Amino acid sequence: MATIFKKTPVLTDTIMHYCPGCGHGIVHRLVAEVIDELGIADRAIGVVPVGCAVFGYKYFNIDVMEAAHGRAPAVATGIKRVHPDSIVFTYQGDGDLASIGAAEIVHAAHRGEKITTIFINNAIYGMTGGQMAPTTLVGQKTTTSPYGRDKDHCGSPIRVAEMLATINGAAYIERTAVNSTANIIKTKRAIKNAFAAQMERKGFSLVEVLSNCPTNWGMSAVESMEWLEQNMIPYYPLGVKKEV
């Protein structure tokens with residue numbers, strides 16, 4: 001019988017630690033498939049942060065570095081400059097990238113670093129207890145905003161993709177989601193485009209992926225995907241924000 005589907009060799013056989021229904025596993029597979037299909041596994045280097053993806057080095061069958069909270073772009077910059085022929089990417093959540101690491105990602109883009117960032121936006125701090133993140137929606141309840149995010153007190157949720165798209169050093173910026181088969185396919189295509197931008201030395205590239213967090217949202221996996229579509233996508237519209 002012909003094999004029509006198999007696990008990419010860029011993923012290890014390690015059982016993932018993510019909560020049931022979480023979108024991280026989907027994105028891990030997409031990143032691994034793109035690396036395999038582009039034939040760059042022997043020169044790909046990942047950088048994972050503090051956050052839900054902290055054990056990312058266990059899942060990718062390539063070289064992966066661990067970075068301090070928010071500092072993945074700085075670590076990736078050092079790796080890329082020392083090994084310019086390597087394909088370097090960071091894999092970061094919204095608490096890591098948009099809060100403590102906001103300066104790191106902005107300046108990496110401003111410098112036009114030839115790195116790629118996979119940015120998971122689930123609108124909450126996942127690993128550390130479900131606190132409000134810079135991306136938490138107005139009215140969304142978290143452990144630190146039990147009555148819902150107050151815009152007057154906390155400001156509006158930050159739109160990372162739109163912000164980075166204004167930077168000259170950014171070559172490819174797109175926002176996608178993993179709430180449906182169609183959007184998962186688009187996410188894989190965006191990741192491939194982002195890696196291609198790096199391989200062509202165009203500049204900094206980032207794919208923001210809207211994902212779900214059933215545990216901290218207090219929902220089932222199905223409910224969380226529906227909530228993502230109904231609430232996150234209207235505020236965080238999908239699509240290419242910049243391409244050069």
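Helix α9 bends by about 35 degrees at Leu228, where the bend at a residue is the angle between axes fitted to the seven residues ending there and the seven starting there. The helix covers residues 221–235, has 15 residues and reaches 21 Å from its first C-alpha to its last, close to the 21 Å expected at 1.5 Å a residue; the expected span is 1.5 Å times one less than the number of residues. Helices (H or I, at least four residues) and strands (E, at least two) are DSSP runs, numbered from the N terminus. This is a predicted model, in which local features need pLDDT of at least 70 and side-chain atom pairs count only at pLDDT 80 or more, while totals for chains, interfaces and linings use all residues. Residues are numbered from 1 along each chain as its sequence is written, and side-chain values use heavy atoms, with hydrogens and water left out.

In α9, Ser224, Met225, Trp227, Leu228, Met232 and Ile233 are buried, a word that stands for under 20% relative accessible area, with exposed meaning over 50% and partly exposed in between (1.4 Å probe, protein chains only). The cover over these buried residues includes β4, β5 (170–177), α7 (181–199), β6 (204–210) and α8 (214–217). Within helix α7 is Asn183, which counts as buried because its relative accessibility is 11%. Not counting residues up to four places away in sequence, Asn183 touches Ala177, Ile233 and Leu238, a contact being heavy atoms within 4.5 Å.

Strand β4 deserves a separate look. In β4, 6 of its 6 residues are buried. In a regular strand the side chains alternate between the two faces of the sheet. Here Thr116, Ile118 and Ile120 point one way from β4, and Thr117, Phe119 and Asn121 point the other way. Strand β3 (residues 87–93) runs parallel to β4 and is joined to β4 by 5 bridges, two strands being paired if DSSP finds at least two bridges between them; Tyr91 stands opposite Ile118 in β4. A further 6 bridges join β4 to β6, and these strands too run parallel, with Ile120 standing opposite Val209 in β6.

The loop between β4 and α5 holds Ala123, whose phi is near 65 degrees, a positive value in a residue other than glycine. Ala123 counts as buried because its relative accessible area is 0%. Thr136 is found in the loop between β4 (116–121) and α5 (151–154), and its relative accessibility of 0% is why Thr136 counts as buried. Leaving aside neighbours within four places in sequence, Thr136 is in contact with Ala123, Ile124, Thr142, Arg149 and Pro157. A polar atom of the Thr136 side chain lies 2.7 Å from the backbone nitrogen of Ala133. Arg201, in the loop between α7 and β6, also has a positive phi, of about 55 degrees, although it is not a glycine; Arg201 counts as partly exposed because its relative accessibility is 48%.

What of the cysteines? A search of the whole structure finds 0 disulfides, a disulfide being a pair of cysteine sulfur atoms within 2.5 Å. For Cys22, the nearest cysteine sulfur is that of Cys52, 6.3 Å away; for Cys52, the nearest is that of Cys213, 6.1 Å away. Cys22 is buried, with a relative accessible area of 18%, whereas Cys52 is partly exposed, with 22%.

Key. Polar contact = N/O pair within 3.5 Å; in protein donor to acceptor, adjacent residues only side chain to side chain.
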